[in-house]
Amino acid sequence: MEQQNKLDSKSTKSGIVTGHVALLAANIIWGGMAPVSKDLLNMQLMSSWSLAGLRILGGAVLFWALSLILPSSWVSDEKIEKKDFWQLCIASLLVIAANQALVIIGMEYTSPVDATIVCSMTPIFTLILGALFVHQKITWMKLIGVALGFAGVLAFIFAGETNDAINVTNPLLGNAMCFLAQVCGACYLVFFTDIIKKYSAFTLMKWMFLISAIVVFPFTIGGIVKVQWSEMPLSGIMDVLYIVVLATCLAYLFTPIGQKHVSPTVVAIYNYLQPVVAAVISILAGLAIINWETALYACLIFVGVWLVSRN
């Protein structure tokens, strides 16, 4: 019995370490998504709409290819029930097609740091929608968090300044699009909890990317085909691979591994890593400038999200 307890303890510790490593990797990858996307768009060899379409189409191909290659112990072979299909379609349009397209298109107009910080607002929108539509309890502490978060994000949206040197042409529009993207993501988390709990993360990603790919294909394939791939430098090709393979597929595979082994609070805390990674990479690459106002607004949002997410 004692030996078994030792084995169980080692297994638990191993699982926790695995969970932390998976979440660390996923959030570092997602943190690099914004500056990498901005770098690619600044080359002006591909439109933001084409990049969004390429990410969704590439994600669909990769998830379905993995479902055929990986063993069933890694990826569950679930069937989507007919009664859930239309819900899945709407969820796909919200959290994949609309969310990802709005973020990438917004990135064309704003800085990667601003975009990543605005994109950290999802827990606040989720709380608000939950309180309004599913009667989720909201405490005074969470209400203060909502107020702080909104103060920070509104300051970001309306106080942004254009900067031709780092290709920030319309921060108001770009940040507003990232704002709307998080509203779409929050709607998915609040209104589609039944299918989120019913199916594994891999099954949902596989089907939602496929549905979204079918929807965006007619609108983006023309732009993707027109891309002069032969003129794209190696760094541009690496940016595309990073966005499609790492940030779209691999990070989504890491996340459920982490969620399996650590608490939701720890998962939420790791999300704070994304803006930090985005800021460091953006500054080093000359894609963003951090001033005291940006730091202040970011702190408001982070404190707000922390108050909303804490138990």
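Which residue forms a salt bridge with K198, the closest N and O atoms being 2.8 Å apart? I looked this up first, and the partner is D84. For a salt bridge I required a side-chain nitrogen of Lys or Arg within 4 Å of a carboxyl oxygen of Asp or Glu. The pair links distant parts of the chain: D84 sits in helix α3, K198 in helix α8, 114 residues apart.

**Ground rules.** I am working on a predicted model, where local features need pLDDT of at least 70, side-chain atom pairs count only at pLDDT 80 or more, and totals for chains, interfaces and linings use all residues. Residues are numbered from 1 along each chain as its sequence is written, and side-chain values use heavy atoms, with hydrogens and water left out.

**Fold.** I counted 13 helices and zero strands. Helices (H or I, at least four residues) and strands (E, at least two) are DSSP runs, numbered from the N terminus. Along the sequence I read α-α-α-α-α-α-α-α-α-α-α-α-α.

**Dimensions.** The C-alpha atoms fill a box of roughly 65 × 50 × 40 Å along the principal axes. I then checked the radius of gyration, which is taken over C-alpha atoms; the globule rule is 2.2 Å times the number of residues to the power 0.38. A compact globule of 311 residues would come near 19 Å, and the protein has 20 Å, which agrees.

I found 47% of the 311 residues buried. Buried means under 20% relative accessible area, exposed over 50%, and partly exposed in between (1.4 Å probe, protein chains only). The protein exposes about 15600 Å², with carbon and sulfur atoms supplying 69% of it. These areas come from the Shrake-Rupley method with a 1.4 Å probe.

**Contacts.** I took contact as heavy atoms within 4.5 Å. Among contacts between residues at least 6 apart in sequence, 87% join residues at least 24 apart.

**Charges.** I noted 16 positive and 15 negative side chains, the centres of the two sets lying 13 Å apart. Lys and Arg count as positive, Asp and Glu as negative; His and the chain ends are not counted. Each charge is placed at NZ of Lys, CZ of Arg, CG of Asp or CD of Glu.

**Back to the salt bridges.** The structure holds four. Side chains of opposite charge can pair when their charged atoms come close. E81 and K198 meet at 3.1 Å, N to O. E81 lies in the loop between α2 (48–69) and α3 (82–107), K198 in helix α8 (residues 193–198), 117 residues apart. D84 also bridges to K83, at 3.6 Å, N to O. I then saw that E81, K83, D84 and K198 are linked in a network.

K83 is exposed at 59%. E81 is partly exposed at 35%, and K198 is partly exposed at 34%.

**T248.** Where is the place of T248? I found T248 in helix α10 (residues 234–261). T248 is buried, at 0% relative accessibility. Leaving aside neighbours within four places in sequence, T248 is in contact with R55, G59, F63, F209 and I243. T248 and G58 are 190 residues apart in sequence, yet 8.3 Å apart in space, C-alpha to C-alpha.
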